[in-house]
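Subject: Structure for your review

Dear colleague,

I am passing on the structure below, together with an account of what was found in it. Please read the notes with the model open beside them.

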Amino acid sequence: MTPSTGPSNGRTPAFGERIMLRQHLHWRRLIGETVQIHEHGHIIRTGTVDDAMADSTALWIAGDAAQPRTMYEAAHGIEVWAHPEEAEDGLCYRMTSTSSQN
């Protein structure tokens with residue numbers, strides 16, 4: 001994943017299409033989504049949100065083949081960026097998943 005393509009949202013972008021990521025403030029709504037973790041403006045990890053505090057003070061990125069499950073805290077300058085998903089009507093975008101884990 002690169003800043004110009006962003007994480008996958010289940011569709012293949014058209015050639016040359018730029019997919020913009022958006023910063024999310026409500027981390028609990030991102031459980032199960034692929035996100036970028038930014039620290040002081042730099043991408044430090046990409047992964048799937050495994051869990052998050054209800055007040056968005058911390059979240060956990062699931063472990064993968066390269067890195068273990070890791071907790072990130074907002075107090076340490078962490079920002080969470082993800083691709084907005086197209087709404088079902090195709091007229092607007094929603095910023096969170098439809099997960100029932102809110």
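The notes below go through conventions, strand pairing, the core, one arginine and the salt bridges.

This is a predicted model, in which local features need pLDDT of at least 70 and side-chain atom pairs count only at pLDDT 80 or more, while totals for chains, interfaces and linings use all residues. Residues are numbered from 1 along each chain as its sequence is written, and side-chain values use heavy atoms, with hydrogens and water left out.

Strand pairing

Strands here are DSSP runs of E with at least two residues, numbered from the N terminus, and two strands count as paired if DSSP finds at least two bridges between them. Strand 2 (residues 34-39) runs antiparallel to strand 3 over six bridges, with T34 opposite T48, and in the hairpin that these strands make, with two residues between them, H40 has a positive phi near 50 degrees. Strand 2 also pairs with strand 6 (residues 78-82), again in the antiparallel sense, over four bridges, and there I37 has V80 as its bridge partner.

Strand 3 is joined to strand 4 by three bridges, the two running antiparallel, and V49 is partnered with I61. Five residues separate these two strands in their hairpin, where S56 in the turn has a positive phi of about 60 degrees. Strand 4 in turn runs antiparallel to strand 5 (residues 70-73), with four bridges between them, and L59 stands opposite Y72.

The core

In strand 4 (residues 58-61), A58 and W60 point one way and L59 and I61 the other, and all are buried, where buried means under 20% relative accessible area, exposed over 50%, and partly exposed in between, with a 1.4 Å probe and protein chains only. A nonpolar core is taken as a set of buried Ala, Val, Leu, Ile, Met, Phe, Trp, Tyr and Cys residues joined through side-chain atoms within 4.5 Å. The largest such core has 13 residues, of which V35, I37, V49, L59, I61 and V80 touch the most other members. Strand 2, strand 3, strand 4 and strand 6 each give two or more residues to this core, and strand 6 supplies the largest share, three residues.

A buried arginine

R45, which lies in strand 3 (residues 42-52), is buried yet has no salt bridge, and the nearest side chain of opposite charge, D64, is 4.1 Å away; in this count Lys and Arg are positive and Asp and Glu negative, with His and the chain ends not counted. The cut-off for a salt bridge is a side-chain nitrogen of Lys or Arg within 4 Å of a carboxyl oxygen of Asp or Glu. The side chain of R45 does make polar contacts with the side chains of Q67 at 2.6 Å and T70 at 2.9 Å, a polar contact being a pair of N or O atoms within 3.5 Å, one able to donate a hydrogen and the other to accept it within protein, with residues adjacent in sequence counted only if both atoms are side-chain atoms.

Salt bridges

The whole structure contains two salt bridges. One joins the side chains of D51 and R28 (2.8 Å, N to O); because D51 lies in strand 3 and R28 in the loop between strand 1 and strand 2, this pair ties together parts that are 23 residues apart in sequence. The side chains of D50 and R69 also meet in a salt bridge (2.5 Å, N to O), which links D50 in strand 3 to R69 in the loop between strand 4 and strand 5, 19 residues apart.

Best regards
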